[in-house]
Amino acid sequence: MTTARTDPDTPTVGLRLRGVELGYGPASAPPVVGPIDLDLPAGATTAIIGANGCGKSTLLRGLTRQLPLRAGHIEVLGQDLSGAGAREYARTVALLPQHPVALEGMTVAQLVARGRHPHRGLLGGRGDGDDAAIAAALESTALTELADREVTSLSGGQRQRAWLALVLAQQTPVVLLDEPTSYLDLAHQVDVLDLVRLLPDPRSAAPPESAGPHASRPADNGPAQTAGAPPAAAPRATVVAVLHELNLAARCADHLVAMVRGQVVAAGRPAEVLVPEVLADVFGLDADVMPDPLLGHPVVLPRGIGDRLPPRTAPASPTAQEYR
Ligand SMILES: Nc1ncnc2c1ncn2[C@@H]1O[C@H](COP(=O)(O)OP(=O)(O)OP(=O)(O)O)[C@@H](O)[C@H]1O
């Protein structure tokens with residue numbers, strides 16, 4: 001497993017699952033997820049991959065307590081938060097759901113401000129810290145100029161960034177994202193994932209600039225303590241994202257978890273998980289994998305499914321030079 005830090009005072013496991021089972025309907029129905037034991041590294045980015053319907057979103061719902069555990073327990077940053085109230089939990093763990101819906105008439109700024117609710121007392125008003133967190137979240141998602149627009153009037157990608165801004169404004173040390181890039185163009189996908197994978201842990205005094213959207217990518221996909229951009233004094237948030245785009249997952253995540261039918265079948269660094277045997281197990285996909293020539297992370301080259309494979313000797317394709 002990838003471990004993010006060596007400091008003995010900070011937990012190296014962000015989320016520790018033991019015997020976790022999740023499901024819908026009567027308890028007698030078979031679980032959709034589990035039982036699973038899983039350690040996700042603290043201060044690092046984990047991507048969960050797997051075929052449609054294998055239980056990725058269900059697992060995230062369990063991690064945010066939207067879905068009660070049928071069995072087992074989850075430790076968050078070394079703590080048992082099972083007895084914590086909803087507000088307290090939401091100060092530690094934030095979720096960007098797969099299909100969030102904004103209220104009609106709500107502006108981007110109003111939506112993002114909802115991320116501050118867990119930080120206020122029951123009668124508490126909005127303070128300077130709230131305004132700063134909202135402004136920073138809008139800026140890092142490039143939405144400052146759209147702050148007064150109604151969320152429902154935005155494009156799919158802008159809307160997705162608005163929801164991400166809400167999660168950023170929540171300033172939690174654990175951030176869960178269910179397909180955060182599904183409506184984004186390629187540049188915004190890279191931008192958003194680079195933003196979230198460098199999110200500072202809000203419990204530290206890290207300068208917010210360390211999570212800037214254009215911060216550079218470490219070359220080797222290594223664990224957090226070797227990542228090039230943030231200084232050693234800026235611990236990162238624990239981020240868990242469901243991602244379908246395997247090459248982006250390999251580029252942006254320190255750690256991958258592959259699921260099949262509610263079970264974890266592989267977990268580790270991208271180069272350990274994205275191998276042809278695992279891709280065949282998880283997706284029924286025949287694929288080659290090779291290292292990215294510049295960044296070093298694995299790149300998946302899908303060849304086909306089962307016996308519907310195209311011929312291996314493809315006709316010569318035009319070179320980049322010929323396109324120019
Ligand atoms: N609210 C629900 N009630 C009953 N069954 C559900 C519910 N939500 C999901 N399921 C079922 O649980 C299984 C896992 O669904 P889940 O959404 O967790 O998969 P996923 O891996 O996130 O899929 P996708 O990649 O398509 O988003 C599926 O069989 C799905 O039909």
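**Reading strand β8**

Guide: Happy to! Ala47 stands opposite Ala241 in β8. This is a predicted model, where local features need pLDDT of at least 70, side-chain atom pairs count only at pLDDT 80 or more, and totals for chains, interfaces and linings use all residues. Residues are numbered from 1 along each chain as its sequence is written.

Visitor: Which strands pair with β8, and in what sense?

Guide: Strands are DSSP runs of E, at least two residues, and helices are runs of H or I, at least four residues, numbered from the N terminus. Two strands pair if DSSP finds at least two bridges between them. Here β3 (residues 45-50) runs parallel to β8 and is joined to it by four bridges. Strand β7 (residues 174-178) is also parallel to β8, over five bridges, and Val175 has Val239 as its bridge partner there.

Visitor: Is β8 buried or exposed?

Guide: A residue is buried if 20 or more other C-beta atoms lie within 10 Å of its own, exposed if 12 or fewer, and partly exposed in between, with C-beta atoms placed from the backbone. In β8 (residues 238-242), five of the five residues are buried, so the strand is largely enclosed by the rest of the structure.

Visitor: What covers the two faces?

Guide: In a regular strand the side chains alternate between the two faces of the sheet. In β8, Thr238, Val240 and Val242 are buried on one side, and Val239 and Ala241 are buried on the other.

Visitor: How much of the protein chain is buried?

Guide: Buried residues make up 40% of its 324 residues.
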